[in-house]
2 protein chains.
Amino acid sequence: MALRGGLPTENGFVGIEGARLVEEALCSGCRIQAVLFSESGKRHHQRLSPIIDRPEMAFPTLYTTDRLFEGLTDTEHPQGVAALVHPRETSFDDLVRAPVSACAPLLVVLAGVQDPGNVGTILRTAAAFGATGAATAASGISGTASPFRQKRFAPPREPRFIFLFLPGPLLRSCSLNSRWREFAPSLRARTSRATESSRLSLRGKSIWCEPVALLVGNEGTGLPEEVERSADARIRIPMASGVESLNAAAAAAVLFYEAARQRNSLPASRIQPSAVPPNQS
Amino acid sequence: MALRGGLPTENGFVGIEGARLVEEALCSGCRIQAVLFSESGKRHHQRLSPIIDRPEMAFPTLYTTDRLFEGLTDTEHPQGVAALVHPRETSFDDLVRAPVSACAPLLVVLAGVQDPGNVGTILRTAAAFGATGAATAASGISGTASPFRQKRFAPPREPRFIFLFLPGPLLRSCSLNSRWREFAPSLRARTSRATESSRLSLRGKSIWCEPVALLVGNEGTGLPEEVERSADARIRIPMASGVESLNAAAAAAVLFYEAARQRNSLPASRIQPSAVPPNQS
């Protein structure tokens, strides 16, 4: 078991932990190599057994002591249930193909985002606002944190692994060093029809309604120069004077929200109060 | 020196660290108790001395070894310069009074936000989108992390202490346990004129243009019941199906952005591409 650091094993399996995540992994259709329970984690067995016991689930269920289990994980108070899952990987073609339901591909490429919390938040927010795919890419200077890495102090109800939630395909890792030169033109070819035809409206509203890949760079140093140069445009979020920058995940949240708002692709297109608590009605 | 954990000393001073933060603290008008350099931190002395040497700066400048300095801080690779600063505290009246330039008070109350990264991001985003004040409040179940606590692995260019950036006053800490009962009605009294008169438009656009206090709760358990009940409305952010929730800081970013967008209070009211890199023009 390799639960620490979110790094995949040699054959591409990633350790995930927690009853809810394991349940989601089991239901996701991803390949499972094994499920592991600690002594105290056995209490989750009942919840998971209807899925584990299905005939198509041909993987071993393993048991270990609490102490050994704790030695395997990054978490302070592990729930005692873990699994080795093969993340849904995908081809470039799948990544840039928009799902039938979406108006146009909306991709996010993380190029050097270092903080695992930011990586998780950006992927989760992307999913929430209708992104159709994501790539995490190591830049020349600093790699993007693994989306499978756990936050040590994440509250138990926070979903920590986003690949299971992302409705579109998730291209887990591509190295910008070796592959950006082939990745960028293909990305451009898929999105350029739109940007060509709407070049004049790039300064207006329609950019968000076209196929878009949003590039998010390192928290400190931004995008590698080569990657930034390959972009069609640089987006500026208007801010109050005196504030230099936003946190990378907060900036991405604002942009995905704006994209969803303009695409009108969400159940309700406007944030609105949905309920007045009983004593105020 | 008490640099660890962001907790204030008995007389209310908070340790901050890093050349840029110390410079901002020196320029902020906040009271300074002392500035401390380590051996290797002396390289920052030249940058700071024009401010430190001003006659009105009547605090001692201290020197210590690198080893002792490292023992004082939470940071992995400290820059070797720190200060004890008395954060700008403020009265409730100041907090709810809108600055002359703002259209209406836009406050954020953090009630039980546990992750120091989230607290920092929320305050920074609030400042960026024109919030006029902030309060961090311990809830009954879990306290809000100190806004002065440092993130251990924060990239060096990330501003880690937001109180210096927040244009409005920052009410640093009030305990919901003992003070929510007096805080909530006062807050309501200051914002209720608007919510009374626009009760019927609560479901429309105008809520964001009125005086608003946005309550943000714990990452796992949300707002304490008492606090939630005292609110006029619960805001729902529309999301794609299959995604249960957003990270607290991402949700706050979206709401502050929406408020700023509707208030039209930012330099430019719409996110737009600001520059096409040279090779794409």
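Which strands of chain A does helix α2 (residues 45-52) lie across, and at about what angle to β2(A) does this helix run? In this predicted model, helix α2 of chain A lies across β2, β3 and β4, running at about 155 degrees to β2(A).

Let's look at the sheet itself. In chain A, four strands make up an open sheet with mixed pairing, in the order β1-β4-β2-β3. Its edge strands are β1 (14-17) and β3 (61-64), each of which pairs on one side only. From one strand to the next, the twist averages 25 degrees. Strand β2 (residues 31-38) of chain A runs parallel to β3(A), and four bridges join the two. If you want a residue pair to find on screen, L36(A) has L62(A) in β3(A) as its bridge partner. Another helix to find here is α1 (residues 19-28) of chain A, which lies across β1, β2 and β4 (81-86) and runs at about 35 degrees to β4(A).

Now to a pair of helices. The axes of α5 (residues 116-128) and α8 (residues 248-263) of chain A come within 9 Å and cross at roughly 5 degrees, so α5(A) and α8(A) are roughly parallel to each other. On the α5(A) side, N118(A), T121(A), I122(A), T125(A) and A126(A) meet A248(A), A249(A), A252(A), A253(A) and F256(A) of α8(A). By class, this contact has seven nonpolar, three polar and no charged residues.

Finally, turn to chain B. α5(B) is mostly covered, with 13 of its 13 residues buried. Just after α5(B), G130(B) takes a positive phi of about 85 degrees.

Notes. Residues are numbered from 1 along each chain as its sequence is written. Chains are lettered from A and ligands numbered from 1 in the order in which they are written. This is a predicted model: local features need pLDDT of at least 70, side-chain atom pairs count only at pLDDT 80 or more; totals for chains, interfaces and linings use all residues. Side-chain values use heavy atoms; hydrogens and water are left out. Axes are lines fitted to C-alpha atoms, for helices over the stretch in contact, and angles run from 0 to 180 degrees between N-to-C directions. Angles under 35 degrees count as roughly parallel, over 145 as roughly antiparallel, 65 to 115 as roughly perpendicular and the rest as oblique. Contact means heavy atoms within 4.5 Å. Ala, Val, Leu, Ile, Met, Phe, Trp, Tyr, Cys and Pro count as nonpolar, Asp, Glu, Lys and Arg as charged, and the others, Gly among them, as polar. Buried means under 20% relative accessible area, exposed over 50%, partly exposed in between (1.4 Å probe, protein chains only). Two strands pair if DSSP finds at least two bridges between them.
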